[in-house]
Amino acid sequence: MKRRAFLGLGAAAVATGAGWALLRPASPGRLLRSTAPLPPRFQARLPIPATRQGTAITVVQREADLDILPGLKTRAWTYDGTFPGPTIVSRSGTPTVVTHRNELPEPTVVHLHGGHTPAESDGYPIDLLLPVNGGSGHQHHGDMMVGATATGERAYRYPMRQRAATLWYHDHRMGATAPAVWRGLAGFHLVRDDEEEALPLPAGDHDVPLMIADRSFAEDGSFRYTADHVEGVLGDVVLVNGAPWPVLEVSPVRYRLRILNASNARRYRLALDPPPPGGDPFTQVGSDGGLLAAPVTHDVVDAAPAERFDVVVDFARWRPGTRVRLVDRLAGLDVMRFDVTGARQADDSTVPAVLSRTLEPLGPPKRTRTFRFRQSADGTWTINDEAYRPGRALANPRLGEVERWRFLTDFHHPVHLHLDPFQVLSRNGRGVSEYDMGWKDTVDVRPAEAVEVAVRFTDHTGTFLLHCHNLEHEDMAMMADFTVE
């Protein structure tokens, strides 16, 4: 879609409440079609990533040949040889050290997305982890700006002074995040705490992480990618936990689905087909930053890149034997399928009317800051008309003070803030959407829109990042430092 046409589409998309789902524009970006033969839908079983627990964990970044398309091997960049990488599980209040060993041919950077993390472990984009053996990439990037580099291994220290939440980790290297994540460098990191575990939500095998990511494939089965699509790269194959259009057999009971949009640029409007009797199949219990104060029901779930939605789906509402497709209403895509199997059974789980009593609105702001996300005349994506330059801070908030940050856009940008989550206050001076509830670290800002959030940075001083999480936009300089003092 041409930029002018897209902006015309988006400028009218100003709504709150239920109108948001009706008017939210489709994904910006250009479709990169696969040249490999694609498999039939709903043939693969949904993989569940292996879990890693403990206070000291080592993850090896290495290339691996994965079985994604039948009869072909896909060379991927992986954490521990899988895509997604292992799901790391931490306990709130218990520090976790994750040591990454880089056996890839290029430097990497690891960001714990949603982590309340000290600056030195946050994944600053020039704090490179160089390959253990030097690698061809070390020479290739020898002239780039570098920060606190390490060779071979780096220990990322996470205090875990935060609520239970669905986090994820991914590569964050300056100018190369998009291709690295596309190649496979992404995984879940779950935080658990007493408040959440006291709730009768679905657990165990009925607590399922779903990493949704579109990809394209070359004729030989390799990931196909181009950095030429400045609006963003869209794939024609939808992977869930690394499998194309997979199937999960579910019992007729409640399941907690941890939905993560890990796509580079694609937005999803997720719906279940057929819908259950009575509608509203999704009961949202958590957002980017953990539990909501109270559940919110949705007919569809709109998820921009990097957003997380923890939802409960009661599969007892469908007749056993029903095949329920998860589909994307924006692009008319299949995502995956749930096959309801077995006889109806007792279900001890439920969704209580009160989920958390720890969510209080942030107090009056000390100051207001404005950040304009737009494209310059030469095509560079900028914030406040500045292309990203490490070491140049666009804001210097004070530790512990509440601020109001205004995000203004000319295009469609999922805006992500490091260090602390925020609370969405308004869209275009009006109410918030039904997808803005709770603590957020990423907010989808539509063309010609102003979104206001309240944020308070705690515990850690130093330099952190604000950026667009359309990864092509991020790599093309739509990123800014802020320094907490």
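**Exercise 1. Serine 90 and its surroundings**

Find which residues serine 90 is in contact with, leaving aside its neighbours within four places in sequence.

*Solution.* 
Step 1. Work on the predicted model. Serine 90 touches Thr96, Met160, His189, Leu190, Val191 and Arg192 once those sequence neighbours are set aside.
Step 2. Serine 90 sits in strand E5, residues 87-91.
Step 3. Look for a polar partner. The side chains of serine 90 and histidine 189 make a polar contact of 2.8 Å.
Step 4. Check exposure. Buried means under 20% relative accessible area. Serine 90 has 4% relative accessibility, so serine 90 counts as buried.

**Exercise 2. An aromatic pair across the sequence**

Classify the ring pair of tyrosine 79 and tyrosine 169, and state where each residue lies.

*Solution.* 
Step 1. Recall what is needed. A pair of aromatic rings is described by the distance of the centres and the angle of the planes.
Step 2. Count the pairs. The model has 16 aromatic pairs.
Step 3. Apply the numbers. The ring centres of tyrosine 79 and tyrosine 169 are 4.9 Å apart and the planes stand at 50°, so this pair is tilted.
Step 4. Locate the partners. Tyrosine 79 belongs to strand E4 (residues 74-79) and tyrosine 169 to strand E11 (residues 165-171), so the pair ties together parts 90 residues apart in sequence.
Step 5. Check burial. Tyrosine 79 is buried, at 0% relative accessibility. Tyrosine 169 is buried too, at 3%.
Step 6. Look for a ring cluster. Ring pairs link Phe371, Phe373, Trp405, Phe407, Phe457, Phe464 and Phe482 into one.

**Exercise 3. Arginines over rings**

Identify which arginine lies over the face of tryptophan 245, and which over that of tryptophan 77.

*Solution.* 
Step 1. Take tryptophan 245. Arginine 41 lies over its face, 4.2 Å from the ring centre.
Step 2. Take tryptophan 77. Here the residue over the face is arginine 183, at 4.3 Å from the ring centre.

**Exercise 4. A five-stranded sheet**

Give the strand order of the open sheet of 5 strands, then name its edge strands.

*Solution.* 
Step 1. Read the order. The sheet runs E17-E25-E24-E19-E22, and its pairing is mixed.
Step 2. Find the edges. Strand E17 (247-250) and strand E22 (301-303) each pair on one side only, which makes them the edge strands.
Step 3. Examine one pairing. E17 and strand E25 (residues 333-340) run parallel and are joined by 4 bridges.
Step 4. Pick out a bridge. Leucine 248 has phenylalanine 338 in E25 as its bridge partner.

**Exercise 5. Strand E29**

Decide how many residues of strand E29 are buried, and which strands E29 pairs with.

*Solution.* 
Step 1. Count. In strand E29 (residues 413-417), 5 of its 5 residues are buried.
Step 2. Recall the pattern. In a regular strand the side chains alternate between the two faces of the sheet.
Step 3. Sort the side chains. His413, Val415 and Leu417 point one way. Pro414 and His416 point the other way.
Step 4. Take E31. E29 and E31 pair antiparallel over 4 bridges. Valine 415 stands opposite valine 443 in E31.
Step 5. Take E33. E29 and strand E33 (residues 462-468) run antiparallel, joined by 3 bridges. Leucine 417 faces leucine 466 in E33.

**Exercise 6. Backbone exceptions in loops**

Then find where phenylalanine 42 and asparagine 428 lie.

*Solution.* 
Step 1. Start with proline 84. Proline 84 lies in the loop between E4 and E5.
Step 2. Move to proline 274. Proline 274 lies in the loop between strand E19 (268-273) and strand E20 (282-287).
Step 3. Turn to phi. Phenylalanine 42 is not a glycine, but its phi is positive, near 65°. Its loop runs between strand E1 (30-32) and strand E2 (51-53).
Step 4. Phenylalanine 42 is buried at 15% relative accessibility, whereas asparagine 428 is partly exposed at 25%.

Definitions and conventions. Residues numbered from 1 in each chain as written. Predicted model: local features only at pLDDT ≥ 70, side-chain atom pairs only at ≥ 80, totals over all residues. Heavy atoms only, no water. Helix = DSSP H or I, 4+ residues; strand = E, 2+ residues; numbered from the N terminus. Buried < 20%, exposed > 50% of the residue type's maximum accessible area, 1.4 Å probe, protein only. Polar contact = N/O pair within 3.5 Å; in protein donor to acceptor, adjacent residues only side chain to side chain. Contact = heavy atoms within 4.5 Å. Pairing = 2+ DSSP bridges. Phe/Tyr/Trp six-rings, centres within 6.5 Å; stacked < 30°, edge-to-face > 60°. Lys NZ or Arg CZ within 6 Å of the ring centre and 35° of its normal.
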